[in-house]
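Dear colleague,

Please find below the structure I wished to pass on to you.

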2 protein chains.
Amino acid sequence: MSNKKILIIGGVAAGPKTAARARRLDPEAQITILEKGKYISYAGCGMPFYLAGKIHDFDHLYSTSYGVKRDPDFFKSERGVEVFTGMEAIAIDRDRKQVIARHVDTGEEKVFDYDKLVLGTGSYPITPPIENLDLKGVYRLNHLEDAQLIKQALDAGEVNDVVVIGSGFIGMEAVDAIFSPRRTVTVVEFKETLLPGILDQDMGNLLYKSLYEQGLEGRFGEKVLKLEGEDGRVARVITDKGAIDADAVILAVGVRPNVQLAQAAGLTIGETGAIVVNEYMQTSDPDIYALGDCVENTHLLTGKKVFAPMATYANRQGRVVGDNVTGGQSTFKGVLGTGVLHCLGINVARTGLGEAQARALGYEVETIRVATFDMTHYHPNSNKILLKMIADKKTRRLLGIQGIGKGEVAKRIDVAATMIYYGGTLDDLLNIDLGYSPPYNTPIDPMVHTGMALKNKLEGVAVTYTPAEVKEKLDRGDDFILLDVRTAPQFNMRHIEDPRIQQLALGELRQKLDQVPRDKEIVTVCVMGSRAYEASRILQGAGFTNVKFMEAGMEGWPYDMDEF
Amino acid sequence: MSNKKILIIGGVAAGPKTAARARRLDPEAQITILEKGKYISYAGCGMPFYLAGKIHDFDHLYSTSYGVKRDPDFFKSERGVEVFTGMEAIAIDRDRKQVIARHVDTGEEKVFDYDKLVLGTGSYPITPPIENLDLKGVYRLNHLEDAQLIKQALDAGEVNDVVVIGSGFIGMEAVDAIFSPRRTVTVVEFKETLLPGILDQDMGNLLYKSLYEQGLEGRFGEKVLKLEGEDGRVARVITDKGAIDADAVILAVGVRPNVQLAQAAGLTIGETGAIVVNEYMQTSDPDIYALGDCVENTHLLTGKKVFAPMATYANRQGRVVGDNVTGGQSTFKGVLGTGVLHCLGINVARTGLGEAQARALGYEVETIRVATFDMTHYHPNSNKILLKMIADKKTRRLLGIQGIGKGEVAKRIDVAATMIYYGGTLDDLLNIDLGYSPPYNTPIDPMVHTGMALKNKLEGVAVTYTPAEVKEKLDRGDDFILLDVRTAPQFNMRHIEDPRIQQLALGELRQKLDQVPRDKEIVTVCVMGSRAYEASRILQGAGFTNVKFMEAGMEGWPYDMDEF
Ligand SMILES: Cc1cc2nc3c(=O)[nH]c(=O)nc-3n(C[C@H](O)[C@H](O)[C@H](O)COP(=O)(O)OP(=O)(O)OC[C@H]3O[C@@H](n4cnc5c(N)ncnc54)[C@H](O)[C@@H]3O)c2cc1C
Ligand SMILES: Cc1cc2nc3c(=O)[nH]c(=O)nc-3n(C[C@H](O)[C@H](O)[C@H](O)COP(=O)(O)OP(=O)(O)OC[C@H]3O[C@@H](n4cnc5c(N)ncnc54)[C@H](O)[C@@H]3O)c2cc1C
Ligand SMILES: CC(C)(COP(=O)(O)OP(=O)(O)OC[C@H]1O[C@@H](n2cnc3c(N)ncnc32)[C@H](O)[C@@H]1OP(=O)(O)O)[C@@H](O)C(=O)NCCC(=O)NCCS
Ligand SMILES: CC(C)(COP(=O)(O)OP(=O)(O)OC[C@H]1O[C@@H](n2cnc3c(N)ncnc32)[C@H](O)[C@@H]1OP(=O)(O)O)[C@@H](O)C(=O)NCCC(=O)NCCS
Ligand SMILES: [Ca+2]
Ligand SMILES: [Ca+2]
């Protein structure tokens, strides 16, 4: 209990969560939030659902579940926290322990004393070097005002040919929000695939395939140079490879941490460009804490600093800072880069290191791709998912996992994140007691099957090609047999004509081994991978020496099916 | 590689999984399965969905996802495994390493040699001492033949007044399968609540409340003595408390391990009545392995032996035994009793120790009940869930968790099971990097909120009564204030008249502290618990000395709402 002055700068997630927790622990502290914007305590992450019409009322983005708006009055009456909106902190005087702020409308300056200062200044969207971003019809999706502008345009019928620039989480949530059969939606991504850095390229490609089938247009490895307008409105997006008609453009090329105030006050800024904090979320000045989108985090696997601007970190760190500014000793240890996304009916999730990331960091990695049902296949709610698991060859530690599909993946990724937190290895997987019932999973959970398949690979029981490797072999004209072990009806329904493709159903293989040439490399394939695996074991067991199976089968084929 | 003879007894889950894995590792072994029944490799767990009409074809219960029936031909051709159905193993000659079997129809005996013998003899349903179980209309739901009989009766319109005896997992799955507005369904349970031993009593009561609201009738603490029939068909169930009309009865009072064969062969049987095995799943004879429903398991938290007949263990152990009978050294370390159930639209899940179990084992436990939304409340798919978490006061280790609700609980329980596997504590929770996005959870996941609430309790920040304790206080006529901090509209919609109830919305509390008596015990309540918690902190902060909040609010009130 104290009369401590806790001053918080930034009023979206990091700030208010800190204030709420601090208030519960210290009823007497003076807790003040300064926010330069108009809205506070709002669900930025909810904006896509507002745009999609799933949230009918704009106010719901900053209301409690019991229907009360979280405005300054709410913070005053319900939380005992004083909030100043339209109030920008412009300088920190660390010697005097004061913050100088200026009202954004009146220009009036005001000085706030602090015992503990909390920086929850967040992030701001990157403005890329693209000409004519000031045309009408060019939007961002970072703040509530952005969502209002887009919503107005949607309602006015001004959003028909949309170009989303950038395919990170926010870009893809924008896609999900505005996609409709009545619109053409094109994503332009500078990197080679969707969600670069979040998904490995093969997974990004697979995701793109299923969104493309629904009508999304993607342009990859393409750089937007400028926008062209007509009568002050955007009309075209000009890239290094051509032009795209557009009456609306959403810019989503990422965010940068908001660190000017901290930097000007001499606080240490890290390599990532974000504020450096210790486990207690203290900056280089022990009386100044920072959290949320403005700080850098420690990656729990690599120990390296990363910039990972996520609402979940802002909130979890807020609870830690709320403890610590009221005398506690709580710690936030770091992140695994877990992320989850729902886009056009597809679930996407990932945690830990991607394959490319792990290799770049020098890990000796092994990976597997497994296509499977998310629950017993006979259950009417079952759907397919595809999991890619990444492990360290030497320690057998799980390094990462990525999943996409109509079926449930988020659960598997959360379980994996928990395992990685504890340094779990592939050998733990079968022993972790995940619940099983037909409407939820399979007797051996899909995520455990994936781990078993990866163990099989490490132990030489599964010898595989990735779909990408098989594609390369086909394109290169390699001489080998692509042994399709699906049933005849399945094969007859769809297959390509290529002299290298041979059909022999798994159930016939043992009896018809003499039909399989012994002098050629054999690559078995099926729909999801498990039959091809079984077939590879039959052939290997029968003395065939050059046999592999294609991981994840046709479900894992990110290319045109006509090429399969 | 070998010509090893691997002989497997039992052909449902444990046996076939062992065979399938062993075959992939050893292409030359002779692998044989003896099954006394007619069907093999079938999804017993899928039977309820067949009865409910969600699986249209009986065959689907033993077909692959690619439409091939898993019959002996399949095992022969696709898996290279020989299966004898209708073949009962009647004795094991351990010296000669032989099994003597008898064909159930012909009576013909046959001797099978083995190098490694695998017992996957499973379990059989308990027959309770109830008179007249041989009446027509009395069913079990353990084997495929049972499902066929019930399905015929359902189709013939013979199942209208159903009594399910026993409310374990199978009983409740039977309820889910046959429940319909056109039938009366009554569950008779000898213990005090639904899913005894699986859920704590308060959670069982809450589950019952939501099923009762849908029309299920439950009779608890009631013992079935006999059945009465008319013309050979069941007509009434007679209990120690009365009679229930019934034209169909489903007996689901549990299963016992099938150990006669093992016992007769002198293999060690444990206290639980099931076969004793080590981590490698070897019985007391190192050349004889046993797994699945016929063995006992080690509880990973307590180290004690438990009988836990679950398909997931049968399958996971099958992979271990498949490894070991072909020369491997894989281990199955134990179980946490994780279980999950879907019943009448309600998700139910649990792992680890229940409160009662933990107390009985001598743990000093602390518990919390938290009602919350499974995802951001503004998302149209959000639903409520109620989680109860159990931790060890001394070590702060997570001991168990139970969840019920329309919303997602299975994910949370799987994450908790993973934590418990690694000995995780409440202090880890905020640092485990669970993915967040509005359609999946809240920025701080519901399961993490639950852990935080439990930490708050351990640290004296949250001081609570359980709903049961509040009910007791009300009933006992205690003098205290039940301070309802819901909004006025919420309060006006539903509340009981009791002079001890006072409404004061959370948002007004700080301003109207003088309206709250200082000389009485105050118990704050709300819909889900979080506002009541907040209110308790406000009062405690304002110097009220005798304040508690009711855990989980009205959502956690398992009693009649008219009593609230
Ligand atoms: C469309 C969208 C979807 C998202 N989806 C997810 C998701 O699914 N999962 C997830 O984890 N995250 C998601 N995020 C990210 C999440 O919204 C951010 O991580 C979170 O808002 C960060 O909170 P913060 O409080 O740290 O920073 P911010 O939200 O950036 O808030 C900082 C505030 O500080 C104020 N401020 C800055 N400087 C000053 C100053 N000098 N004086 C006064 N005020 C100042 C700013 O005006 C701003 O309002 C999403 C973001 C967007 C835009
Ligand atoms: C309705 C229902 C729902 C269920 N739901 C779930 C669920 O959601 N999750 C879960 O994990 N579990 C569930 N289970 C439990 C699961 O079905 C069992 O744990 C699983 O079947 C055990 O497999 P098993 O192979 O060990 O034994 P069993 O299935 O009992 O099979 C053993 C076989 O061995 C044969 N046998 C025995 N003795 C001999 C002999 N001497 N000679 C020859 N053959 C012999 C028997 O005839 C039998 O076919 C459910 C069970 C039922 C009935
Ligand atoms: C809402 C906000 C003000 C935080 O307030 P808060 O009261 O701490 O709310 P939370 O939901 O985070 O936490 C609820 C508290 O009640 C507890 N709790 C939750 N449900 C409970 C229940 N049923 N019973 C008892 N306690 C409960 C939690 O443990 C937590 O308390 P603690 O932090 O003292 O442990 C702040 O997070 C915010 O402004 N959020 C909106 C912005 C945002 O997050 N945007 C980005 C995401 S879209
Ligand atoms: C089906 C059954 C014969 C087991 O056969 P199985 O081939 O081992 O099948 P599973 O699905 O368990 O395992 C699939 C195998 O392929 C692997 N796998 C699964 N999907 C894969 C994919 N897409 N790519 C590569 N490998 C894959 C798994 O790792 C596993 O191999 P492993 O054990 O060698 O590691 C046996 O479990 C059974 O009879 N089940 C039905 C009865 C039952 O379980 N009843 C109770 C539950 S209702
Ligand atoms: Ca397949
Ligand atoms: Ca509430």
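This is a predicted model: local features need pLDDT of at least 70, side-chain atom pairs count only at pLDDT 80 or more; totals for chains, interfaces and linings use all residues.

Ligand 3 is situated between chains A and B. Its shell comprises 31 residues, and the closest are A:Arg21, A:Ser41, A:Cys45, A:Arg79 and B:Tyr533. By class, the shell holds 18 nonpolar, seven polar and six charged residues.

Several polar contacts involve oxygen atoms of the ligand. A polar side-chain atom of A:Arg79 is 2.7 Å from an oxygen atom of ligand 3. For A:Val12, a backbone N or O atom lies 3.4 Å from an oxygen atom of ligand 3. From chain B, a polar side-chain atom of B:His449 is found 3.4 Å from an oxygen atom of ligand 3. Ligand 3 taken alone exposes 940 Å², of which the protein buries 89%.

As to secondary structure, the elements giving two or more residues to the shell around ligand 3 are, in chain A, α1 (14-25) and α8 (311-324), and, in chain B, β23 (365-373), α11 (446-458) and α15 (530-541). The largest share, five residues, is supplied by α1(A).

Turning to the domains, chain A is divided into four parts: domain 1 (5-43 + 55-122 + 256-324), domain 2 (138-253), domain 3 (339-458) and domain 4 (464-563). Between the C-alpha centres of domain 1 and domain 4 of chain A the distance is 56 Å.

With kind regards

Conventions: Residues are numbered from 1 along each chain as its sequence is written. Chains are lettered from A and ligands numbered from 1 in the order in which they are written. Side-chain values use heavy atoms; hydrogens and water are left out. A residue is near a molecule or strand if one of its heavy atoms lies within 4 Å of it. A polar contact is a pair of N or O atoms within 3.5 Å; within protein, one must be able to donate a hydrogen and the other to accept it, and residues adjacent in sequence count only if both atoms are side-chain atoms. Accessible areas come from the Shrake-Rupley method with a 1.4 Å probe; for residues, only the protein chains shown count as cover. Helices (H or I, at least four residues) and strands (E, at least two) are DSSP runs, numbered from the N terminus. Ala, Val, Leu, Ile, Met, Phe, Trp, Tyr, Cys and Pro count as nonpolar, Asp, Glu, Lys and Arg as charged, and the others, Gly among them, as polar. Domain bounds come from an automatic or database domain assignment.
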